[in-house]
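User: I am new to this structure and would like a close look at a single part of it, the place where the chains meet. Please take me through it in one connected answer.

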Protein chains: 2
Amino acid sequence: VLLFREKDPFAVINYSYQIEEILHKRKSKYNDIMVLKSPHFGKMLILDNVVQLTELDEYFYHEMLVHVPLHIHSSPTHIAIIGGGDGGALREALKHEAVEKVVLVEIDREVIEVSKSFLPTLSSGFGDPRVEIMTMDGADFIKNAGEELDVILVDSTDPVGFAKSLFTNQFFTDAFSALKPDGIFVAQTESLHFHRDFVCNVQHKLAQKFKHTDLYTISITTYAGNWWTFSIASKEYNPRKKPRKCKVPTKYYAEDVHINAFLPQSLKEKLRLL
Amino acid sequence: VLLFREKDPFAVINYSYQIEEILHKRKSKYNDIMVLKSPHFGKMLILDNVVQLTELDEYFYHEMLVHVPLHIHSSPTHIAIIGGGDGGALREALKHEAVEKVVLVEIDREVIEVSKSFLPTLSSGFGDPRVEIMTMDGADFIKNAGEELDVILVDSTDPVGFAKSLFTNQFFTDAFSALKPDGIFVAQTESLHFHRDFVCNVQHKLAQKFKHTDLYTISITTYAGNWWTFSIASKEYNPRKKPRKCKVPTKYYAEDVHINAFLPQSLKEKLRLL
């Protein structure tokens, strides 16, 4: 029996997984990439010793990252995904009829290649004619985008190393400028159990630019701290308004799940986010 | 640096914690008991290699176990806690003015002793005159209790070994009989990510006896599977009704947290709990 030990970049808990097989291993310019096979989780994508997704439960994260903003926006036609080289967020975004164009900006082309080879249930959207893939730094892309995007989805690795540039004031300013007047920004922003200061810091930065800033959460087993947050910022739509009726096929997301995921106001007060 | 490796009884993920010191270690008739000191979590209580609580975040679990039913019941005067030898649930129950008597039924007296010695913020309620401690099997206690309890709280270890008796049809039948006509039963019932079949099984068993059966959840980092469930069953009160106004001091629990914790109906449908 092989064992994979996850390196928590914040070093609070370390996780070990039984694995059956190392399906693939390579070193790209940006990441140590591995695909493992676990008896419980199915295939697992690992970057720099951190679990990015498992076949068993990736849909919790990807559905919530994508469908919450795409059901708040009344007509999401032009989407940018920053990161997300595994294709999971792309697959979910493409389910929406309104979506005409998705730009996926992934700094590490090799993550996309590995996903295409080993994770067909995630990478199924890469051949869709609505998709444009850009191999570049997400922060540079957003800086040079015109006011043309309806939704920006930041599906990044942990905010250490090269992903740091996606959580700066400059990036949030550029994201604001890249969005149309009713645009919505969402980023995965780590765990409320382990990274509370980080979450609050991002919320405060976003609140300086956007009309609405809010937080929704979900429990994810393979992400350290588990009580996982998505920070949402919106130029016009109130994120707490009733979402559009869900017409896309989902395993977890639904209208009541959407509404329920937003952090109760009493907790926002305790975290001084109000 | 010492390391503590948690043994997940379901063996899906194993967790390792940095620890500074083993503060205490003993073997009782029922448990291998340890108190560890962690730089992040503070003191940790470990039974049979499974983390039961940490000083840092125990209040999430204990507040939700106790305050949800005690805010649904209009006058909770007589409470039984099955297990809960650490005292955390007891501490929360005693905050309620309506509470006149709490019977804590812990099979392992040594857990109570260890908590009194090492976990003063948890064991603070043991000296309260409203408390009666019974050192016996919780299933035996409930079998012989008259129809006298307002609320039963099952604060048990994982349903392996001696705690198995707290999740049988017989136990749920006896619990029903031990409750007054408007009584409420709550049990911790493991994780929806890892132990979905177990959770559903308990829900179905409870639904055979009680007028209302429901499920509420919270994300807990040190419990394997993290998306932690509490199964609630009620003879009269609908658990989804608006809770009584919260007048007790809490760190996490609040009226909106209470309402939000109940599993969305769409997920209950997907789990075939409706």
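What rotation, and what shift along its axis, superposes chain A on chain B?

Analyst: In this predicted model, chain A is superposed on chain B by a rotation of 180° with 0.0 Å of shift along the axis, at an RMSD of 0.0 Å. That is why the relation can be called a two-fold axis. Within chain A, the C-alpha nearest to this axis belongs to Y15(A), at 2.4 Å from it. Both copies use the same surface, since 100% of the contact residues of chain A recur in chain B.

As for the extent of the meeting place, 35 residues of chain A are in contact with 35 residues of chain B, and the two chains bury about 2,900 Å² between them, with 53% of that area on carbon and sulfur atoms. On the side of chain A that touches chain B, at least two residues each come from β2 (13–19), α1 (58–72), α7 (255–261) and α8 (265–270), and β2(A) gives the most, with five residues. Sorted by class, that side of chain A holds 17 nonpolar, 13 polar and five charged residues.

Methods
Residues numbered from 1 in each chain as written. Chains lettered and ligands numbered in written order. Predicted model: local features only at pLDDT ≥ 70, side-chain atom pairs only at ≥ 80, totals over all residues. Heavy atoms only, no water. Contact = heavy atoms within 4.5 Å. Buried area = accessible area lost by both parts, 1.4 Å probe. Helix = DSSP H or I, 4+ residues; strand = E, 2+ residues; numbered from the N terminus. Nonpolar A, V, L, I, M, F, W, Y, C, P; charged D, E, K, R; others polar. Least-squares fit on C-alpha atoms with pLDDT ≥ 70 in both.
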